[in-house]
Amino acid sequence: MSNNSSITEFVLLAFADTRELQLLHFALFLGIYLAALLGNGLILTAIACDHRLHTPMYFFLLNLALLDLGCISTTVPKSMANSLGDTRTISYAGCVAQVFLIVFLISAEFYLLTVMAYDRYIAICKPLQYWTLLGSRACAQMAAAVWGTAWGSGFLHAVLHTANTFSLPLCQGNAVDQFFCEIPQILKLSCSESFLRVAGLIVVSVCLSFGCFIFIVVSYVQIFRAVLRMPSKQGQHKAFSTCLPHLAIVPLFVSTGMFAYLKPPSLSSPSLDLMMAVLYSVLPPAVNPVIYSMRNQELKDAREGPPRDDTKSGIHDSSRSCASTNIGNESFHLRPALEEKSPEKDDNDHG
């Protein structure tokens with residue numbers, strides 16, 4: 001019988017036993033990792049260097065790119081190093097760090113996705129209030145809210161889950177049936193009934209995440225209703241073609257994560273657990289740059305050339321940032337709503 005004090009390392013799940021398949025796994029994960037680094041790195045560079053992108057929506061995308069880089073860098077490099085070095089071990093401290101970081105980053109990302117859904121809802125469904133709700137002072141307040149809610153809540157979740165998980169005595173060996181240290185797999189090594197305390201904390205966290213998921217779905221339902229009232233069929237097509245992938249990645253992210261943490265033991269198998277872990281921890285950081293940003297015309301313009309000087313044309317950055325937003329290639333501005341009121345003004349002038 002072993003316990004926490006006698007365990008100095010954990011043995012992770014190997015993707016393959018033969019050397020050829022290990023190298024294939026290394027090459028596959030290397031390609032995914034480089035794609036995630038390139039996509040998210042381009043987003044960070046474009047938003048940081050182009051003043052046209054200093055807007056609420058792109059501030060959220062910048063934070064999302066940071067979280068994605070952290071999430072995929074927590075698990076994939078260690079797995080690649082193990083395959084390349086033909087080893088499966090990770091130190092006890094390294095396992096603790098992985099649990100803390102993966103819970104922190106995934107929790108923070110999900111809260112951020114909730115805030116992004118609210119931003120899109122206000123921009124499309126209440127465009128005349130967008131300047132009021134997301135003005136220069138409100139933008140700063142929302143930035144603080146993102147850091148306080150998403151990053152702060154994620155940090156609190158990570159501390160609670162990590163402390164509870166590694167406070168349990170482990171007597172079932174040190175073999176973790178996953179390619180990184182995942183809480184459900186570590187709980188299988190516990191010999192204490194107190195694992196129910198950790199399981200209860202997981203259930204509470206999943207319920208909070210499900211509440212955020214419902215908020216995202218309701219927000220997008222309102223967005224789709226607003227898009228259907230758009231007079232332009234081409235505009236509707238562009239908006240739907242961009243929003244639907246956004247809405248598709250969130251259920252994938254939530255459903256796979258919930259299944260990995262809440263599935264009954266009877267459904268557990270190494271291959272299924274491995275697939276679920278890849279879907280919620282590796283795939284989103286690689287595809288989020290494509291889904292959320294790479295189809296965005298403003299980001300393409302920022303990458304292709306230097307920013308133009310808007311001050312010469314009389315356009316003020318703050319008014320532009322909070323008076324309009326963009327979904328895919330379709331822009332939603334305050335201008336059409338204001339122009340609808342212009343005939344009344346003209347009639348009063350003639351009167």
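This is a predicted model: local features need pLDDT of at least 70, side-chain atom pairs count only at pLDDT 80 or more; totals for chains, interfaces and linings use all residues.

Residues are numbered from 1 along each chain as its sequence is written, and side-chain values use heavy atoms, with hydrogens and water left out.

The chain holds 14 helices and 4 strands, taken as DSSP runs numbered from the N terminus (helices: H or I, at least four residues; strands: E, at least two). Of its 351 residues, 46% count as buried, where buried means under 20% relative accessible area, exposed over 50% and partly exposed in between (1.4 Å probe, protein chains only). Among contacts (heavy atoms within 4.5 Å) between residues at least 6 apart in sequence, 79% join residues at least 24 apart.

The count comes to 5 cavities of 30 Å³ or more, a cavity being a set of points on a 1 Å grid over the protein atoms alone where a 1.4 Å probe fits but cannot get out. The largest cavity has a volume of about 400 Å³, the volume being the space filled by probe spheres set on the points, which are joined across faces, edges and corners. It is lined by 19 residues, and those closest to its centre are Ile 106, Ser 107, Val 206, Ser 209 and Tyr 261; lining residues have an atom within 4 Å of a point. Helix H3 gives the largest share of this lining, 6 residues.

Gln 98 is also found in helix H3 and counts as buried because its relative accessibility is 5%. Leaving aside residues up to four places away in sequence, Gln 98 touches Thr 74, Thr 75, Lys 78, Ile 90, Phe 180 and Cys 181.

A search of the whole structure finds 2 salt bridges, each defined as a side-chain nitrogen of Lys or Arg within 4 Å of a carboxyl oxygen of Asp or Glu.

| Salt bridge | Closest N and O atoms |
|---|---|
| Asp 50 and Arg 52 | 2.6 Å |
| Lys 188 and Asp 273 | 3.8 Å |

Lys 188 lies in the loop between helix H6 (183–187) and H7, whereas Asp 273 lies in helix H9 (residues 270–281), so this pair ties together parts that are 85 residues apart in sequence. Lys 188 is partly exposed, with a relative accessible area of 41%, but Asp 273 counts as buried at 4% relative accessibility. In the other pair, both Asp 50 and Arg 52 are buried.

Conventions. On a 1 Å grid over the protein atoms alone, a cavity is a set of points where a 1.4 Å probe fits but cannot get out, and a pocket is an open set with protein on both sides within 12 Å along at least five of seven lines; lining residues have an atom within 4 Å of a point.
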